[in-house]
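Here is a short report on a protein model with its sequence and coordinates. Read it with the structure open beside you.

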Amino acid sequence: MPTKPALADENSKEGLEAFTRYWFELFNYGYATNDWKAFDQVTDPACGTCRNVLTAVNDHYKSGGWIVGGEAEVRSFTTDFVPNIEGSISSFVEVDQAAAMTISQDGTMEGQTKARQESIDVVIALWEDGRWVMLDFGPPEGT
Amino acid sequence: MTAFKVLAGVGFAALGFLLAHPASASADGSGVTFDENEVGARNISRSEADGTMPRRGSSGTSAEQSAALPVDDGIDYYYERVCTSRTGESLDPARCVLLNAQCDAKPDGVFVEWIQVDRRTDPPRETRTGRNACIYPGEAPEPPTAGEPAAEPVVITIAEFQSQPIAPSVVFSQPRNFGLKNAHSNVYAEAQEQEFTFAFRNAEVRLRAWPVSYRWDYGDGTSATTTVPGSSAEGDAFNTETPTSHQYLDTGDYNVTLTTFFAGDYSVDGGPFQPIAGQAEVPSAPHLMSIWRTEAHSVADDCLENPSGIGCTTPLDR
């Protein structure tokens, strides 16, 4: 279970970066355990990419299988920390994702995905009630 | 401007590599990774505490703003090239190249952010919208309130339909699980129209499913497809022909397996219902049929005189 660094609860550029890195660690923890409680606490339910991934992972675990790999790694984080009209802040992240294997209940490999590299995404976070909440994650709008 | 052109040019050199990216996502459709599931990040409002989803593209599109008449509301928009306006400060050129290269629908795409200008204050207040777009040479860009930029229609495919927890038909037979060799054994199904509501690609989808046909595998090597589920027949129904009844030519235990085909339609965010291409196949639990044979004898014996006579012992004693 990843521990939230104290910095991740600071309303600053550095705090947002620490929160974003922590958020991707929660993603990795979810892949390995299908435990999304901590993730859900800091993520808005409307996050589209999150919902799609979580549904697929959850379905796979429910069928008795599990997942190996798929770890996300934040290679770079960039924000100018300027709030927009919704009060949230967009940042750019380069996130790699390791190859993942879906293992079925009987221990055989069901599927395999390739590693992801060289991809830039947007994360949108909101400072709310003294903490960060991730609103959305995905490729930039319009691309 | 020169700097921008250089960047766009470099961005294009990187394009080939990036284009290869979607293809590198797994083809097995397990759907567990980011690449397989990316939905464009949209600057949306925080969901309500009760868990309801914001409408898609709710940002800045209040009912008044999206009204048909072009009223000067004192709000204007202009766009800013994310790369040229923010390099040095926070975006390094390498990341700019990656960003502009993702505007790859046409050549020379540039990644921009819309800035809102509120002229009702003096001086006018400029605020970022958090809404991004790709602009291409020779095309007039649309500000974020002018309709729904890049809102792809939500299409529910057969795969999505099939993955819903559709309750299978329940198989019945008369009387109970028995039948007689060569007789018409009545087997029938009870199936229900069903409705599901789920979140899909930032939208709320209502899906309706209803049974349209039934494939019966009777367990004796024969099968039949009917458009009706059948129903219970009157009386003891040991030999009643119905649209779904079956004649077993031998005694034995048979597992009847039923597959019900459901047609469906769906509504996105309360919009009109549209049909789903294809039908979902939903298997029912196997239903056991025990087929017995009958023997008929005419007898005039007295069991006291002839205790081993026909009908004087049960089949179990033999």
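Which residue in S6(A) is the bridge partner of Ile89(A)? In S6(A), that partner is Ala125(A).

First, some ground rules. This is a predicted model, in which local features need pLDDT of at least 70, side-chain atom pairs count only at pLDDT 80 or more, and totals for chains, interfaces and linings use all residues. Residues are numbered from 1 along each chain as its sequence is written, chains are lettered from A and ligands numbered from 1 in the order in which they are written, and side-chain values use heavy atoms, leaving out hydrogens and water.

**The sheet of chain A**

Helices (H or I, at least four residues) and strands (E, at least two) are DSSP runs, numbered from the N terminus. Two strands pair if DSSP finds at least two bridges between them. In chain A, 4 strands make an open sheet in the order S2-S3-S6-S7, and the pairing is antiparallel. Strand S2 (72–78) and strand S7 (131–138) of chain A are at the edges; each has a single partner strand, so one side of each lacks a neighbour in the sheet. From one strand to the next, the twist averages 35°. Axes are lines fitted to C-alpha atoms, for helices over the stretch in contact, and angles run from 0 to 180 degrees between N-to-C directions.

Strand S3 (residues 89–97) and strand S6 (residues 120–128) of chain A run antiparallel, joined by 6 bridges. Asp129(A) sits in the loop between S6 and S7 of chain A. Its phi is near 50°, a positive value in a residue other than glycine.

Helix H1 (residues 13–33) of chain A lies across S2, S3, S6 and S7 of chain A. The helix runs at about 65° to S7(A).

**The sheet of chain B**

In chain B, 3 strands form an open antiparallel sheet, ordered S1-S2-S3. Strand S1 (75–81) and strand S3 (125–135) of chain B stand at the edges with a single partner strand each, so one side of each has no neighbour in the sheet. Here the twist averages 30° from one strand to the next.

S1(B) pairs with strand S2 (residues 110–118) of chain B in the antiparallel sense, over 7 bridges. The loop between S2 and S3 of chain B holds Pro123(B). The peptide bond from Asp122(B) to Pro123(B) is cis, with omega near 0°.

**Where the chains meet**

Contact means heavy atoms within 4.5 Å. By that rule, 58 residues from chain A and 54 residues from chain B take part. The size of an interface is often given as the accessible area lost when the parts come together. Between chain A and chain B, about 4800 Å² is buried (accessible area, 1.4 Å probe, lost on being put together and summed over both). Carbon and sulfur atoms give 57% of that area.

There are 7 residue pairs in polar contact between chain A and chain B, both at pLDDT 80 or more. A polar contact is a pair of N or O atoms within 3.5 Å; within protein, one must be able to donate a hydrogen and the other to accept it, and residues adjacent in sequence count only if both atoms are side-chain atoms. On the side of chain A that touches chain B, H3(A) gives the largest share, 7 residues.

**Salt bridges**

A salt bridge is a side-chain nitrogen of Lys or Arg within 4 Å of a carboxyl oxygen of Asp or Glu. Two examples follow.

| Asp80(A) | Arg128(B) | 2.6 Å |

Glu17(A) and Arg21(A) both lie in helix H1 of chain A, 4 residues apart, about one turn of the helix.

Definitions and conventions:
Buried area is the accessible area (1.4 Å probe) that two parts lose on being put together, summed over both.
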